[in-house]
Amino acid sequence: MMRMRCGDSRIAGCQFTLFPMSDNFATIILTALKEVDTSKVWKDTDDVSTCIRGKLVHVFDVTRAIFLHAAKTGEHAAMSGTYSIGCPGDSSGDVLMSETDVVLNQQNSQSIRQQASCKFALYPMGREDYMDTIYEQIDLSQSQGVKVSGSHYATRLDGDVNDIFRTMEEAFENVQSKVSHVTMTFTISANSPSTK
Ligand SMILES: Cc1ncc(C[n+]2csc(CCO)c2C)c(N)n1
């Protein structure tokens with residue numbers, strides 16, 4: 001099998017899990033996965049998580065919409081996941097790349113006002129100057145209408161779900177334009193009964 005080098009492919013993907021803190025958890029998960037339009041990404045769900053793969057713009061459109069779908073039930077819901085792009089070990093299978101960039105869920109998502117808290121961490125792979133790249137994006141995050149604060153091993157974002165995902169998408173997009181292989185982990189939580 002031919003091994004791919006960093007940058008040969010711009011397939012993006014996200015492996016994520018929804019955690020609705022509700023007796024109704026299975027319905028909330030399955031309804032979110034069914035009602036969000038995922039037709040522009042490849043998708044596979046099992047008992048642990050869901051993986052989607054395709055163009056970066058659709059990967060973010062779908063993950064944002066799935067979290068909003070669960071959060072708008074009013075139940076305490078969390079979602080954790082890992083975005084990845086340009087993985088040199090990636091295969092060219094299990095993906096939809098021929099779709100246009102027109103996103104399918106933005107109109108619905110934009111109309112939902114939902115507060116949330118999130119922690120994310122960027123990992124520009126294979127670069128000695130990775131800390132500069134990370135600090136640059138943390139600085140840029142301050143201008144996205146969310147509250148940005150430092151945390152061990154992650155950056156915390158508090159604000160509207162749409163603003164939080166836009167902040168993460170811009171950070172990921174910016175870094176991947178300079179660094180071939182990038183991953184980003186996140187955990188986002190809405191309707192938590194806990195006070196900070
Ligand atoms: C996004 C996402 N995908 C899959 C699971 C795993 N999972 C746990 S319960 C359940 C429904 C009943 O089988 C499923 C699919 C998840 N939690 N979140």
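Student: So helices (H or I, at least four residues) and strands (E, at least two) are DSSP runs numbered from the N terminus. Where does Asn 191 lie, then?

Tutor: Asn 191 lies in the segment that follows strand 8 (182-190). Before we go on, this is a predicted model, where local features need pLDDT of at least 70 and side-chain atom pairs count only at pLDDT 80 or more, while totals for chains, interfaces and linings use all residues. Residues are numbered from 1 along each chain as its sequence is written.

Student: Good to know. What is the phi of Asn 191?

Tutor: Positive, at about 60°, although Asn 191 is not a glycine.

Student: And why does Asn 191 count as partly exposed?

Tutor: A residue is buried if 20 or more other C-beta atoms lie within 10 Å of its own, exposed if 12 or fewer, and partly exposed in between, with C-beta atoms placed from the backbone. Asn 191 has 19 such neighbours inside 10 Å, so it counts as partly exposed.

Student: Which residue has a phi near 55°?

Tutor: That is Asp 94, and the value is positive in a residue other than glycine. Asp 94 is found in the loop between strand 4 (77-85) and helix 3 (106-110). With 15 C-beta neighbours inside 10 Å, Asp 94 is partly exposed.

Student: How many bridges join strand 6 and strand 7?

Tutor: Strand 6 (residues 147-151) pairs with strand 7 over 5 bridges, in the antiparallel sense. Gly 150 stands opposite Thr 155 in strand 7. The two strands form a hairpin with 2 residues between them, and Tyr 153 in the turn has a positive phi of about 70°.

Student: What about strand 5 and strand 7?

Tutor: Strand 5 (residues 115-124) and strand 7 (residues 154-160) run antiparallel and are joined by 6 bridges. There, Ser 117 stands opposite Asp 158.

Student: Now the ligand. Which residues surround it?

Tutor: Phe 16, Thr 17, Leu 18, Ala 26, Ile 29, Leu 30, Thr 45, Asp 47, Val 48, Ser 49 and Thr 50 do. To be listed, a residue needs its C-beta atom, placed from the backbone, within 6 Å of the molecule. Strand 1 (12-20) and helix 1 (25-35) are the elements that give two or more residues to this shell.

Student: Last one: is helix 2 mostly covered or uncovered?

Tutor: Helix 2 is mostly covered, as 14 of its 16 residues are buried.

Key
Two strands pair if DSSP finds at least two bridges between them.
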